[in-house]
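Open the structure in your viewer and switch to a cartoon view. Keep the selection tool at hand.

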Amino acid sequence: MTEPLVRIEHLSKHFSVGANLLRPSAKVYAVDDVSFEIGRAEIIGLVGESGSGKTTLGRSILRLIEPSSGSVSFDGRSVTGAPKRELRNLRRDMQIVFQDPYATLDPRRRVVDQVQEAFHIHGVHEQSKRREVAVRLLERVGISPTQADRFPHEFSGGQRQRISIARALALNPQFLIADEAVSALDVSIQGQIVNLLMELREELGLTILFISHDLSVIEFVSDRVVVMYLGRVVEIGKADVLYRRPRHPYTRALLDAIPVPDPSRRRMPRPLTGDVPSPLSPPSGCHFRTRCPHAVEACAKIRPELRPVGEGQFVACIRDDVIAPAEAPASIPPRARTGI
């Protein structure tokens with residue numbers, strides 16, 4: 001077995017909020033002791049409700065925000081322990097595509113200049129060839145060379161995201177984080193961007209962490225899926241296995257919430273009860289217990305750790321009878337959940 005490209009070990013990020021003269025600050029546990037690995041040329045889907053910590057985890061991996069504790073290594077090199085100069089070199093191999101492409105592009109600069117900006121910063125390519133390389137990158141992601149000198153406002157949302165991808169690929173990275181990269185786009189455009197990322201994975205051997213709240217897109221694009229709830233990972237598994245036989249009650253509830261376009265298919269709903277707890281004061285023991293239909297008294301006292309349950313799946317639940325494979329499989333057929 002080859003060494004993973006990215007290894008995340010016990011990573012946490014806590015934010016201090018609400019401090020004033022009358023009371024001390026409180027902590028928001030945005031990412032709480034997360035561990036998993038990402039193999040070379042693998043696409044990992046990271047999914048969960050809004051506020052589950054997905055984006056914070058992605059930015060902590062790249063040290064765009066500093067983790068509170070834990071470690072991240074990339075290709076055997078420490079990311080969390082790297083000094084600034086070494087971190088800059090590491091980031092040539094690790095890039096990110098954000099949710100809002102218009103906010104990430106400078107409205108006052110031509111897109112070709114923004115793509116070749118990384119060449120200037122890192123001293124890549126001869127000065128005379130940088131524009132040519134940037135134009136080729138834009139063309140590879142579907143932007144015509146005749147459009148290279150336009151400004152961001154002259155493109156559609158999907159085109160701007162393609163430009164953002166071209167800019168992220170400028171230094172030929174090994175690892176790409178796509179942080180809700182298609183959630184702001186129309187469904188048809190989502191499909192084009194997802195297909196583009198999958199093509200780039202095949203051509204360039206890219207390793208991708210694909211962050212989304214949309215399980216339909218996650219299932220289509222991912223080799224494996226990591227499910228987060230309130231800062232913690234509750235399930236990890238191969239995409240085809242996890243969607244066919246989810247083990248954690250939270251994963252089942254997420255899958256049950258996916259619309260099915262076939263009215264003849266009956267669901268076996270497992271509705272979530274209550275509201276998402278505040279990350280300022282998460283429940284003791286299992287964070288999910290306040291909404292779990294299978295919670296027992298012990299769930300309030302024991303923090304569940306990820307443990308193997310077969311077929312490459314890992315589940316954070318203390319109840320063997322709940323995670324047993326006797327549960328009915330997900331009520332939607334594989335590869336039929338999205339129009340992509």
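The stops below go from a sheet to a hairpin and then to a pair of helices. The model is predicted.

**Stop 1**

Select strand 1 (residues 6-17) and strand 2, which pair in the antiparallel sense over nine bridges.

**Stop 2**

Select strand 9 (residues 224-229). Is this strand largely enclosed or open? Five of its six residues are buried, so strand 9 is largely enclosed by the rest of the structure. A residue counts as buried here if its relative accessible area is under 20%.

Strand 9 has a parallel partner in strand 3 (residues 43-47), with four bridges between the two. Strand 9 also pairs with strand 10 (residues 232-238), here in the antiparallel sense and over six bridges. I44 stands opposite R224, and in strand 10 the bridge partner of R224 is K238.

Follow the chain from strand 9 into strand 10. The two strands form a hairpin with two residues between them. Click on L230 in this turn, which has a positive phi of about 50°.

**Stop 2: two packed helices**

Two helices packed together are described by the angle and the distance between their axes. Select helix 7 (residues 157-168) and helix 8 (residues 187-204), whose axes come within 10 Å of each other and cross at roughly 20°. Angles under 35 degrees count as roughly parallel, and helix 7 and helix 8 are therefore roughly parallel to each other. Their crossing is right-handed.

Which residues make the contact? On helix 7, show G158, Q161, R162 and I165. On helix 8, show I189, Q192, I193, L196, L197 and L200. Colour this contact by residue class to find six nonpolar, three polar and one charged residues.

Conventions
Residues are numbered from 1 along each chain as its sequence is written. This is a predicted model: local features need pLDDT of at least 70, side-chain atom pairs count only at pLDDT 80 or more; totals for chains, interfaces and linings use all residues. Side-chain values use heavy atoms; hydrogens and water are left out. Axes are lines fitted to C-alpha atoms, for helices over the stretch in contact, and angles run from 0 to 180 degrees between N-to-C directions. Angles under 35 degrees count as roughly parallel, over 145 as roughly antiparallel, 65 to 115 as roughly perpendicular and the rest as oblique. A crossing is left-handed if the near helix is turned anticlockwise from the far one by less than a right angle, and right-handed if clockwise. Contact means heavy atoms within 4.5 Å. Ala, Val, Leu, Ile, Met, Phe, Trp, Tyr, Cys and Pro count as nonpolar, Asp, Glu, Lys and Arg as charged, and the others, Gly among them, as polar. Buried means under 20% relative accessible area, exposed over 50%, partly exposed in between (1.4 Å probe, protein chains only). Two strands pair if DSSP finds at least two bridges between them.
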